[in-house]
Amino acid sequence: MKRCAAVIAVLAVILPPTGALAFCGFYVARADTRLWNRTSQVVLVRHDNKTVITMANDYKGDLMEFAIVVPVPEILQREQIHVGDRALIDRLDAYSSPRLVEYFDDNPCARPPEQYQMQEQSRSAALMAPAPASRARSLGVTIEAQYTVGEYDILILSARESAGLETWLRESGYRLPTGAGQVLGSYLKQGMRFFVARVNLAEQARLGWSYLRPLQMAFESPRFMLPIRLGMLNADGAQELFVYTLTRKGRVEPTNYRAVRLPSDVELPVHVKQEFPQFYRAMFGEQVKKQDMRAVFLEYAWDMGWCDPCAADPLSADELRQLGVFWLADAASAPVPMPRALRLRGPSDVFVTRLHLRYDAKHFPDDLVFQETADRASFQGRYVLRNPWTGTDMCEAAVRYREALRARAEREAESLAALTGWPIDDIRRKARAAEGPVPADARPWWKSLWTR
Amino acid sequence: MKDVDGAAAIVDPEVLSTSRVLGGHGRAPGSRGHAIPGVLGRLWRLDPRAYQIATLSGLLGYGVLWLEFDIDPLRVGVILLTAVVTQLAASAIAGRPQLDAKSALISGLSLCLLLRATEPALAELAAMIAVASKFVVRIRGKHVFNPTNFAIVAMMLVTGRVWVSPGQWGSAVVFAFLLASAGCLVVNRAGRADVAAIFLATHLGLVFGRSLWLGDPLSIPLHRLESGALVLFAFFMITDPKTTPDSRAGRAVFALLVAAGAYAIQFTLFRPDALLWSLAACSLTVPMIDRLLPGSRYRWPAAAGREAGQERALP
């Protein structure tokens, strides 16, 4: 049986987020629809030259046909490979997601101290036997190591030249996409080895996992990069990629592509609360279009010790260690999840950067190369809903408030239209339906006749 | 040290002006004293530094407004002011109270384009270091490092709290910037065009050669060359006549060294900012290159004109 192996560098999915936890302690909602298709999530933990990479994939096909080929900088020992817990990536996703914050206007007649209530909701979101070793040798391919880790059978391959490697992979049942030989050859000449993983069905059945868990690798290399070129070969259209980096010093940015901050701190009509996942997807699509699909978007940059407001609790020291944060040897330096009322805690030793890109070979021809900067400034995708005061009190301030409200509603609609590309008339209609009739102007009709 | 005042941060355009005198041996190659009529002529006679400042300012404006460079107008203003005040103070200390703000502005603008810092004070310190380095870091009367290059590298090494964002340039802007920069060279009468040309040819050769060897598609080396940082480096930094070797042969060796060093840093050590590190390291070889391949040192044309060709020590 011919094995259809998807040769991918990174392949994963963004998963429905865990429930969001509100700043003031109550849960609102979660988006449980799948937001993105063909999506990969990668966690890169890096300090000095030490790197731990976690790759999650959303492979839905026949497990027998699943395979990944990842270029790696060295021959990995058994202990350098691990099968991780997908829930950890979900946690990281939920913690770093763009968030919706909700405020309630006060009674303008009462003028109490400014108080607000906040809510936020997270967005989101049997194999052929390998060709024998003798055949491998004759093709110049060396099986450097062979492991079964969790439900995966893993080979570490090196090769003298790409044609031999391509032949060996094809003879072992991997159906390589067109152009794979050229890319494999490039990585080979750069001194890289190949990490090839496929599912061991017996182990999969024994372990009882119903999905593929993320693969993790730890290695040391001066190269701070993510190989995406192989993954684009068999891609049908653009792919979605989330890269979370966990570093010590500060924010991580790409050095060979432009990084752009996602629009943030924008006031939106309150009906967005019901369609926040759709808003996020449309807004991201619009921003990608605006940047001609040539930018990597910064969605979150924050010290892991805290958040404000929190879409989810910061990851615990144990969770971070499982993701590979190797410098958290002693728990004292690690972030500790705080009671919700006390999330504002001091800086920790872990800085998280969340990058999001939509890519294809035309717009992202080269692998992603990163650098860690010293920037520890906080950034988050934050969108604000302001619920109007709906009281019926009548006073001069209330009249002015209602006037201002109409202008605000229009501004919010325009912001939403600009961010998402949605037709503004639809937005206005939805906004009116959500907010009910705008209170009538209580002033005499002639008051604004000549004073507008 | 009269000439110190005129030391431009990136390229000293005075060196490149029409009436330039090279070591008392007459006009620089490529300089043209004859009149060019019309608007072109007026542009031609314009102080080249004005053109440089306009190019860098335009690029910075575009970067801040459209490319969302991580720097705000207030910080730009403070950095420029710091550079000018440092120039004023250093000139006074060196006994040359005459203020030459243009070269300090060029230093400041280049830092605004390249340097990113965690705190504003670090960027201001970099501006001070850049301008002060022209007065302090000197061998045999010639300053060793390009001021902007020196400030960035020194701040990266010492503080670890500044960085350069090579990815901040969109590919769309690069071509326009390339044209403007090439225009700078033309206006500057090709003062150090040889360095830019040899460096760019070597760099392009290495990047394309590597991709050919790896069997990569052409889009990869082309993407690597779509970098505003590369253009800025090639036309405004490595071409600095105050820090490049005096002789053409020396400059050729220097340009080759910088390109080869950058390649090694980028593709062997896999470090970012390879061009800046390579230039800083190779600048240390310039005194030796000048000794082995001697040439006439640049003189400031304005000063040279005033002093009627008297020989003097130059920075």
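Of the 452 residues of chain A, what percentage count as buried? Please then take a close look at chain B, at how its helices pack and at the side of it that touches chain A.

A: In this predicted model, 46% of the 452 residues of chain A count as buried. Chain A contains 10 helices and 19 strands, and it is divided into domain 1, residues 39-385, and domain 2, residues 389-435. Where these two domains meet, 17 residues of domain 1 of chain A are in contact with 21 residues of domain 2 of chain A. On the domain 1 side, β14 (266-268) and α7 (276-290) of chain A each supply at least two residues, and α7(A) gives the most, with 4 residues. By class, that side of domain 1 of chain A has 11 nonpolar, 2 polar and 4 charged residues.

Chain B is the part to be examined closely. Chain B has 14 helices and 4 strands, and buried residues make up 49% of its 315 residues. Among the contacts in chain B with a separation of 6 or more, 78% are between residues 24 or more positions apart.

Two helix pairs of chain B show how such elements are arranged. Two packed helices are described by the angle between their axes and the distance between the axes. In the pair formed by α3 (residues 73-93) and α4 (residues 101-114) of chain B, the angle is about 145° and the axes are 8 Å apart. The crossing of α3(B) and α4(B) is right-handed. From α3(B), the contact includes B:Val76, B:Ile79, B:Leu80 and B:Ala83, while the residues from α4(B) include B:Ala104, B:Leu105, B:Gly108 and B:Leu111. By class, this contact has 10 nonpolar, 4 polar and no charged residues.

The second pair joins α8(B) to helix α11 (residues 248-267) of chain B, at an angle of about 35° and with the axes 8 Å apart. The crossing of α8(B) and α11(B) is also right-handed. Among the residues of α8(B) in this contact are B:Val195, B:Ile198, B:Phe199 and B:Leu206, and those of α11(B) include B:Ala252, B:Ala255, B:Ala259 and B:Tyr263. The contact of α8(B) with α11(B) divides into 13 nonpolar, 2 polar and 4 charged residues; one of the charged residues is B:Asp194 of α8(B).

Another helix of chain B may be considered for its surroundings. Helix α10 (residues 228-237) of chain B is mostly covered, with 10 of its 10 residues buried. These buried residues include B:Leu230, B:Val231, B:Phe233, B:Phe235 and B:Phe236.

Finally, there is the meeting of the two chains, to which 23 residues of chain B and 24 residues of chain A contribute. On the side of chain B that touches chain A, α8 (193-214) and α9 (219-225) of chain B each supply at least two residues. The largest share, 3 residues, comes from α9(B). By class, that side of chain B divides into 10 nonpolar, 10 polar and 3 charged residues.

Methods: Residues are numbered from 1 along each chain as its sequence is written. Chains are lettered from A and ligands numbered from 1 in the order in which they are written. This is a predicted model: local features need pLDDT of at least 70, side-chain atom pairs count only at pLDDT 80 or more; totals for chains, interfaces and linings use all residues. Two residues are in contact if their C-beta atoms, placed from the backbone, lie within 7 Å. Axes are lines fitted to C-alpha atoms, for helices over the stretch in contact, and angles run from 0 to 180 degrees between N-to-C directions. A crossing is left-handed if the near helix is turned anticlockwise from the far one by less than a right angle, and right-handed if clockwise. A residue is buried if 20 or more other C-beta atoms lie within 10 Å of its own, exposed if 12 or fewer, and partly exposed in between; C-beta atoms are placed from the backbone. Domain bounds come from an automatic or database domain assignment.
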